[in-house]
Every structure is written in structure tokens, then in C-alpha cells.
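Let us walk through this structure step by step. Keep the sequence and the 3D view side by side.

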Amino acid sequence: MFERFTKDAREVVKGAVARAGDERARTVDPGHLLLALLDRERSRGSFVLAALGVTARRDSMTRALAEARRRAGLSQAETEALAGLGIDVARIVSRVEEVHGTGAMSGSPKDKAWWGGGRPSFGRDARTVLEKSLRIALARRDRSIGDQHLLLALTALPGVPAEVLADHGVTYESATRVLDGGLDGGGEAKAG
């Protein structure tokens, strides 16, 4: 499948691996793919994000992803569902961090030697994003998989990246409208 990726999509994948490595994470997750997408410039995916006004809110998205990582990758919806059962995730995170240090639930080891170093592998959820991007490209009758397909996959699959993107105005529908020419550069619908 990787041979069908455009240069921009390959750069996102490489960027996600680098992001995971910087965090000393053992696996690349969908959040790393989103962070790598946010780093891109002059690509179809970055055009969509800019058209939807994400460029100005990039720091807010990065913070939201980091906060979810502190919650062991739980989305806000999952956190709220647990609260409905009487489980206070913020309190649990706070107690764990008191004992084990800030970020203890993030899944990143404090000591690189703890997991042997090396390059992080792709986790199941990240592989699912890559597979979904292929299905989206095929459904759109595109011959290759670009970073815009990775973005669409992240919006289409449940989880933290989709939640963070939606909270910042990026949904599958809005991204598709931009790709299909339905929005101008200012994020406004074209008259038609």
C-alpha cells in the first residue's frame, strides 16, 4: 500500500514516526499522524486545514492532543461516559501523576532504555487510519493516496484525532467540501 502514497503522504507518515520517536513512544498512533499533518505546508491536506481555519488554531489542537495523551488516550466523549458511571478520569490522572510523575499515563517511557529504543512501530489504530485512507482514495477514484486522504481518514474514524478535529471545525463533510471545491480560502461556502 505504501507505494501508492504520494510524496506528501509519505512525509506525513515519516513525520508521525519522528513525532512518536520524539515522545519516546513505542508505537505511532493516530494523534502522531494528525500532528504530522499539522506540520505540513503546501500540500492538499494542509490546504484543507488552512481553508477551514485550522492554521490559526494549530496550538490549540496540539494542546488538546497532549491532554488526551495524558488521559491515556481517552477521548473527551469517553471521559464523559466514564464520569456518567461515577469515574473521575481527571482525578485518576492526578493521583497517578502524584505517584509516578507528570505524563505517567501517556504511554511514553521516561527512560528510552526501558523499551530498547529504536524506531516506533505503527499501532493498530494508526494502521487502521492508513487502511481507511486507501479505502477513501479508492472511493473517490483517486489513483494515489495523498495526505488529504489521511486527513479524511482521521475525521472518519472514531477517536481522539476526530474529536479534536471536529472541535476545531474539521469534519469529514467539511474537508470533503473543501476538496471538492465547495469552500473558498476563507472557509466560507461558495455561492452557487
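Start with a pair of charges. The side chains of arginine 140 and aspartate 142 meet in a salt bridge, with 3.8 Å from N to O. A salt bridge here is a side-chain nitrogen of Lys or Arg within 4 Å of a carboxyl oxygen of Asp or Glu. Arginine 140 is partly exposed, with a relative accessible area of 25%. Aspartate 142 is partly exposed too, at 26%. Elsewhere, salt bridges that share partners join Arg19, Asp39 and Arg58 into one network.

A word on what is shown. This is a predicted model, in which local features need pLDDT of at least 70, side-chain atom pairs count only at pLDDT 80 or more, and totals for chains, interfaces and linings use all residues. Residues are numbered from 1 along each chain as its sequence is written, and side-chain values use heavy atoms, with hydrogens and water left out.

Now the whole chain. The protein chain has 10 helices and two strands. Helices (H or I, at least four residues) and strands (E, at least two) are DSSP runs, numbered from the N terminus. Along the sequence, the pattern reads α-β-α-α-α-α-α-β-α-α-α-α. Of the 192 residues, 40% count as buried. The protein chain exposes about 10,500 Å², and carbon and sulfur atoms supply 50% of that area. Accessible areas come from the Shrake-Rupley method with a 1.4 Å probe; for residues, only the protein chains shown count as cover. Contacts tell of the fold as well. Among those between residues at least 6 apart in sequence, 64% join residues at least 24 apart. Contact means heavy atoms within 4.5 Å.

Next, look at helix α1, residues 7-22. Helix α1 has 16 residues and reaches 22 Å from its first C-alpha to its last, close to the 22 Å expected at 1.5 Å a residue. The expected span is 1.5 Å times one less than the number of residues. Which residues of α1 are buried? They are Ala9, Val12, Val13, Ala16, Val17 and Ala20. These residues cover an arc of only 135° around the axis, which puts them on the same side of α1. The arc is that of the directions from the helix axis to the C-beta atoms. An α-helix has 3.6 residues a turn, so residues three or four places apart point the same way. What does the buried side of α1 pack against? Its buried residues meet β1 (27-28), α2 (30-39), β2 (121-122), α7 (124-139) and α8 (147-156). The face turned away from that side carries the exposed residues Lys7 and Asp22. After α1 comes arginine 24, whose phi is positive, near 60°.

Aspartate 8 ties α1 to another part of the chain. Arginine 40 forms a salt bridge with aspartate 8, the closest N and O atoms being 2.5 Å apart. The pair links distant parts of the chain: arginine 40 sits in the loop between α2 and α3, aspartate 8 in helix α1, and 32 residues separate them. Aspartate 8 is partly exposed, at 22% relative accessible area. In all, the count comes to 11 salt bridges.

Arginine 42 lies between α2 and α3 (44-51). Is arginine 42 buried or exposed? At 78% relative accessibility, arginine 42 counts as exposed. Arginine 42 forms a salt bridge with glutamate 41, with the closest N and O atoms 4.0 Å apart. Glutamate 41 is also exposed, at 56% relative accessibility. Arginine 42 and aspartate 8 are 34 residues apart in sequence and 9.1 Å apart in space, C-alpha to C-alpha.

Move on to α3. Its buried residues are Gly45, Ser46, Val48, Leu49 and Ala51. The cover over them includes α2, α8, α9 (160-167) and α10 (172-179). Glycine 53 follows α3, with a positive phi near 80°. Glutamine 148 belongs to helix α8. At 8% relative accessibility, glutamine 148 counts as buried. Leaving aside residues up to four places away in sequence, glutamine 148 touches Arg44, Gly45 and Leu179.

End at the surface. Leucine 85 lies in the loop between α5 (76-84) and α6 (89-100). At 68% relative accessibility, leucine 85 counts as exposed. Leu85, Ile87 and Ile92 form a nonpolar surface patch, with about 280 Å² of accessible area together. Patches are made of residues with over 30% relative accessible area and no salt bridge; like charges are joined within 9 Å, nonpolar side chains (Val, Leu, Ile, Met, Phe, Trp, Tyr) within 5 Å.

Key. Buried means under 20% relative accessible area, exposed over 50%, partly exposed in between (1.4 Å probe, protein chains only).
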